[in-house]
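My notes follow in the order I checked things.

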Amino acid sequence: MTRLHKVPVIVGLFGLLACAVLLELAVNFGWVMEIIVPRPTDTVLSFPSLQEDMDLVGNFFVTLGMTAAATALALLIGLPFGYFLYRREAYGVAYEGWLAAAFSTPIVLLYPLFLVIFGRNHMTLIVMGCIPGAIPIAIQTRQGLLGVSKTLLNVGRSFNVSERDMFRKIMLPSAVPTIFTGIRIGVMYTLVNIVAIEYLIDFGGLGRIVSQMYDNFSIPETYAAIVAVILVSTFFYWGFGRVEKWLRPV
Amino acid sequence: MADILEIKNVSKTYNADGDSPVKALDGVDLNIAEGEFVSIIGPSGCGKSTLFNIIGGLIDDHDGEVLIDGHEVDGAHKDVGVVFQEESTFPWRSTLDNVAFPLEIEGIDKAEREETARKFIKLVGLEGFENHFPAQLSGGMKQRTAVARTLAYEPRIMLMDEPFGALDEQTRMLLGDKMLEIWAALNQTMLLITHNITEAVQLSDRVVVMSYRPGIIKEIIPIELPRPRTSEVIATAEFGTYVGKLWTLLREEASRGMAEAEASIAAT
Ligand SMILES: Nc1ncnc2c1ncn2[C@@H]1O[C@H](COP(=O)(O)OP(=O)(O)O)[C@@H](O)[C@H]1O
Ligand SMILES: [Mg+2]
């Protein structure tokens, strides 16, 4: 890691630590009720028992795996669909508004329907997770391709670049930052939906743990499970950041 | 010398839906000899970029024809290399990879294309910046990267649309010298589109003056200043005479262009 990369990481961790210390003090002084927000130290100390009783690490990987599968499916649908909407302008114009509307709909509320179709299993989680993920990916793929500079396309034409190279060497690298904005938004929505459904149907990984701990009034354990969800989200954010850097270093 | 490029009765009308059609070019005839340095000058909106796109094969639906070595051109031609008015380097590629781009497209292996690219990077004076990305370069350096990239394609005709139009005057004069060095080194035919009178006189064998709407060739002025030239020629009396002559021709066109542009703004 270069110095430039280290500094933000250190500053970030320091900020997190400072917030935890402040919260610890706030609970100790009674400014925040302990049964609503536990001390950060209690949350940390609850990890071993949560691991023992609920297999936190195992469930971390269940949620991570479900999110990865749903995101893979979202990419598989969103990227080609976005490309199609770019190629067929009429469809693109016709569907963009609908997609945006669908994206702002809480699809998670349709879970009874999906339970009926797929049953109370991983399939429901993956399918319901992939829908809100695929939408921003499709929208941003179309936007990214539409935004490719006309001059850069003309540079390609002037060098007699084939259609294939035009796409691979000019359009795709131009569109990568915009497409990855869509992917980052998509994966976060996928994760939120998967955890929400795990919570609602009491099935699967971390969402189920949150639900059960919450019902038991095990407040530090509830927060510990939420921290684990944040770690899943951090993993995907970091991972896709790396992929983007690899595809387009600057 | 034989004419490498012939432009025969080229016209182009833009039919923007809703608006009335714009006649951008009306019957342009121009012959350019192999190895010649010709500038095309005219006020903004007179159809210079349109002519550039037609010669470069980037606009197909025009009237008249463009011939290279007597053969009609259809689409982008291997002998014509273009440099665009707008920013055209690939932001995700280093200077070296930008310049090597046309060679990569031709399937030349990495070692060879990088060697060729380095040669042209040196020629445009960007040695030492091979690994920089466009965002780290100044406007003039980015345009030189674009020039080197087109040179690496090794076209016989270099066609440039106001490549230094966005740069400050001093930088532009120095890059003019650079272009003359490159031209002397490579024996290419240069066709430079510009709106800058000094640049046109400094560099050219002939200056083609275009009129405003419809774009037609108003006059062609041969520049009989001695070669090899550098920007020092600007201080001479003959230079001043040519500039004065061109301004007399352009003044009328420019004021007509300005009046029409202002009228169209007033109408909206
Ligand atoms: N794609 C286009 N559609 C409609 N009108 C255009 C288009 N491109 C250029 N024009 C018009 O054609 C005229 C000539 O434009 P252009 O060739 O860009 O001139 P210049 O490069 O000399 O400034 C201008 O009036 C411009 O508005
Ligand atoms: Mg122009």
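I began with the area that chain B and chain A bury between them: about 1800 Å², with 68% of it on carbon and sulfur atoms. This is a predicted model, and I read the values as computed ones.

I then asked which residues of chain B lose the most area to chain A. They are L58(B), W92(B) and I105(B), and together they make up 35% of what that side buries.

Next I looked up the residue counts. The contact takes 16 residues from chain A and 22 residues from chain B.

I found a count of one salt bridge between chain B and chain A. E104(B) forms this salt bridge with K169(A), and the closest N and O atoms are 2.5 Å apart.

I checked which elements supply the side of chain B that touches chain A. Those giving two or more residues are α2 (95-105) and α4 (139-152) of chain B. The largest share, four residues, comes from α2(B). By class, I listed 12 nonpolar, six charged and four polar residues on that side.

Last, I turned to S104(A). I located S104(A) in the loop between α5 (89-103) and α6 (111-118) of chain A. Is S104(A) buried or exposed? Its relative accessibility is 59%, so S104(A) counts as exposed, the cut-off being over 50%. I also noted that S104(A) and P132(A) are 28 residues apart in sequence, while their C-alpha atoms are 8.9 Å apart in space.

Methods. Residues are numbered from 1 along each chain as its sequence is written. Chains are lettered from A and ligands numbered from 1 in the order in which they are written. This is a predicted model: local features need pLDDT of at least 70, side-chain atom pairs count only at pLDDT 80 or more; totals for chains, interfaces and linings use all residues. Side-chain values use heavy atoms; hydrogens and water are left out. Contact means heavy atoms within 4.5 Å. Buried area is the accessible area (1.4 Å probe) that two parts lose on being put together, summed over both. A salt bridge is a side-chain nitrogen of Lys or Arg within 4 Å of a carboxyl oxygen of Asp or Glu. Ala, Val, Leu, Ile, Met, Phe, Trp, Tyr, Cys and Pro count as nonpolar, Asp, Glu, Lys and Arg as charged, and the others, Gly among them, as polar. Buried means under 20% relative accessible area, exposed over 50%, partly exposed in between (1.4 Å probe, protein chains only).
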